[in-house]
Amino acid sequence: MKIKTIEAIAVRLPMKKPVQMAGETVAQAENVFVRVESDAGAVGWGEAAAAPTMTGETIAGMMAAIELMRPKLFGRAAYDFAGAAAAMDAQLYGNSGAKAAIDMALHDLVGRASERPVYALFGAKQRNRMPVLAVIGSEDAAADLREAQARWNAGYRAFKIKVGLGSPEADAVRTMMLCQALKGQALEGQALEGQALEGQAQGGARCLVSADANQGFSVDGALTFVRGIGDCGLDFFEQPVSAHDLDGMSRIAAATKVPIGADEGIHSLDDIARHHERKAARGVSLKAIKLGGLSGLFATSRLCEQLGMQVNISCKTGETSLASAAAVHLAAVAPALAWGLTVTSSGLAEDVTAAPLRVDAGHVEVPERPGLGIDVDEHRLRRRQQEFKRVA
């Protein structure tokens, strides 16, 4: 089965409400979809979000990158994922999001053609049902508490608090309030639907609470934040400072008992090794768009297991059920998933499938259908493509 056609489709999708984070507010998603067809007529789909502050890629850049790489992939065996990755790397440096969309589409294609779910292309499934992190973030502590309570009541048991939005002191107070409220709920023994998280929080609380600064603090600001939250029970603190500031990450990690996680700073196996060697992070957030695709994500999850580092698998804000399903498949086979799973399709006002990935009581089940298990509605997708072209 050989690659016959590769088509890139740029879209703009509306969000239910803007997602606020340090340095960026996502009011609508700008994503590129890749449709790959084999000479036998099988079709696979991939997706990558534009992420200028994370991968350096815009919609226009990804479209150009895919156009440049396409000729080197035609006629290649669809199942030769490593060969496709090598061909793309030889043609173009970086551009990990564009490469991830193609890699994802090839895995979906091969899964569908062989009637296997994508997770089965990587190995034995480690888990069937996983808790999804609920993202909470504004500068209004009272509103965040109300949202956290509503998410708890809906069955969520994993949470990510967006910080770096206000002053470190105000963010610390808001984080401490939210963390104590959520951990208190867990410790009071309220009913927990589904299986507990791997890597239980200290004290037996069946609830994971993290904070994510998205590089929004200075080193001094991050130190103020960790001093301010004290021993509130926060399970990890993600990317407090610039992705390139390993010295700063190490200083913060040495100053607190809260495990520090790296996200924007992780783009390769070498990045993980450097963070581990420098004691700059005790865990990482893995995204397909940062690692060039699903194969890269799986390889980094295995390295983390070898190094004793915790793992969160995540989508970029605004990715649809397609990319979200891909994250679920990889989370199912990752050696460990102590820091949970973040899927973002539920934040979209409109998805690209008539049957979106379902989050039930704060948990998601691994799709068992062939490929990614998501049927892209091409009419819906291309309608958004036309809208993007008109606006652009």
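# Strands and rings: exercises

G261 has G283 in β10 as its bridge partner. The model is predicted, so to speak of local features requires pLDDT of at least 70 and side-chain atom pairs count only at pLDDT 80 or more, while totals for chains, interfaces and linings use all residues. Residues are numbered from 1 along each chain as its sequence is written, and side-chain values use heavy atoms, with hydrogens and water left out.

**Exercise 1.** Determine which strands β10 pairs with, and in which sense.

*Solution.* Strands are DSSP runs of E with at least two residues, and helices are runs of H or I with at least four, numbered from the N terminus. Two strands pair if DSSP finds at least two bridges between them.
- Step 1: strand β9 (residues 260–262) runs parallel to β10 and is joined to it by two bridges.
- Step 2: strand β11 (residues 310–314) is also paired with β10 in the parallel sense, over four bridges. There, Q310 is the bridge partner of G283.

**Exercise 2.** State which way the residues of β10 point, and whether they are buried or exposed.

*Solution.* Buried means under 20% relative accessible area, exposed over 50%, and partly exposed in between (1.4 Å probe, protein chains only).
- Step 1: from strand β10 (residues 283–286), G283 and S285 point one way.
- Step 2: V284 and L286 point the other way.
- Step 3: all four of these residues are buried.

**Exercise 3.** Describe the open sheet that contains β1.

*Solution.* 
- Step 1: the sheet has three strands, in the order β1-β2-β3, with antiparallel pairing.
- Step 2: β1 (3–21) and β3 (43–49) are the edge strands, each pairing on one side only.
- Step 3: between β1 and strand β2 (residues 24–38) there are 14 bridges. R12 stands opposite E30 in β2.

**Exercise 4.** Classify the ring pair formed by F217 and F237.

*Solution.* Rings of Phe, Tyr and Trp (its six-membered ring) pair if their centres lie within 6.5 Å; planes under 30 degrees apart count as stacked, over 60 as edge-to-face and the rest as tilted.
- Step 1: a search of the whole structure finds five aromatic pairs.
- Step 2: the centres of F217 and F237 are 6.3 Å apart and the planes stand at 65°, so this pair is edge-to-face.
- Step 3: the pair links distant parts of the chain, since F217 lies in the loop between β7 (208–212) and α6 (219–229), and F237 in strand β8 (residues 236–238), 20 residues apart.
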